[in-house]
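Let's take a friendly walk through a protein chain. Have a look at the sequence and the 3D view before reading on.

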Amino acid sequence: MPKVQVGHFSPDAPGVDVMVDGDIAFEGINFRETTDLAELDEGSHEVEVRPHGEDDSVITEEINLETGMHYTVIAAGLLEENDIYLEIIAHPE
């Protein structure tokens with residue numbers, strides 16, 4: 001199974017929750033924090049980043065996961081400048 005880790009590197013953004021296919025996968029991630037690795041099913045997934053405890057997404061992106069890979073998903077940019085983005089780094093296990 002693919003493994004995913006998330007990092008929050010947007011200095012002016014509040015803590016965030018990360019949704020995968022509509023369900024909370026990671027909750028309450030603060031600036032400069034990273035999560036532990038979590039296993040997700042292979043294939044395409046909708047990833048949303050939301051301010052912690054809120055329903056509106058700041059970022060929504062489709063990612064494709066492959067078995068045998070680890071993924072680091074980094075939320076970066078500046079909220080104040082409306083420049084928040086996801087950087088996805090894939091590397092073999």
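Which side chain meets that of Glu48 in a salt bridge? The partner is Arg50, with a distance of 3.2 Å from N to O. Keep in mind that this is a predicted model. A search of the whole structure turns up 1 salt bridge. Where do its two residues sit, buried or exposed? Both Glu48 and Arg50 are buried. The word "buried" here stands for a relative accessible area under 20%.

Now step back to the fold as a whole. Along the principal axes, its C-alpha atoms fill a box of roughly 35 × 25 × 20 Å.

Here are some overall values for the chain, side by side.

| Property of the chain | Value |
|---|---|
| Buried residues, out of 93 residues | 40% |
| Contacts between residues 24 or more positions apart, out of contacts with a separation of 6 or more | 54% |
| Accessible surface belonging to carbon and sulfur atoms, out of about 5,300 Å² | 44% |

To return to the opening pair, Glu48 and Arg50 belong to the buried residues, a group that makes up 40% of the chain.

Technical notes
Residues numbered from 1 in each chain as written. Predicted model: local features only at pLDDT ≥ 70, side-chain atom pairs only at ≥ 80, totals over all residues. Heavy atoms only, no water. Buried < 20%, exposed > 50% of the residue type's maximum accessible area, 1.4 Å probe, protein only. Contact = heavy atoms within 4.5 Å. Areas by Shrake-Rupley, 256 points an atom, 1.4 Å probe, with all protein chains shown as cover. Salt bridge = Lys/Arg side-chain N within 4 Å of Asp/Glu carboxyl O.
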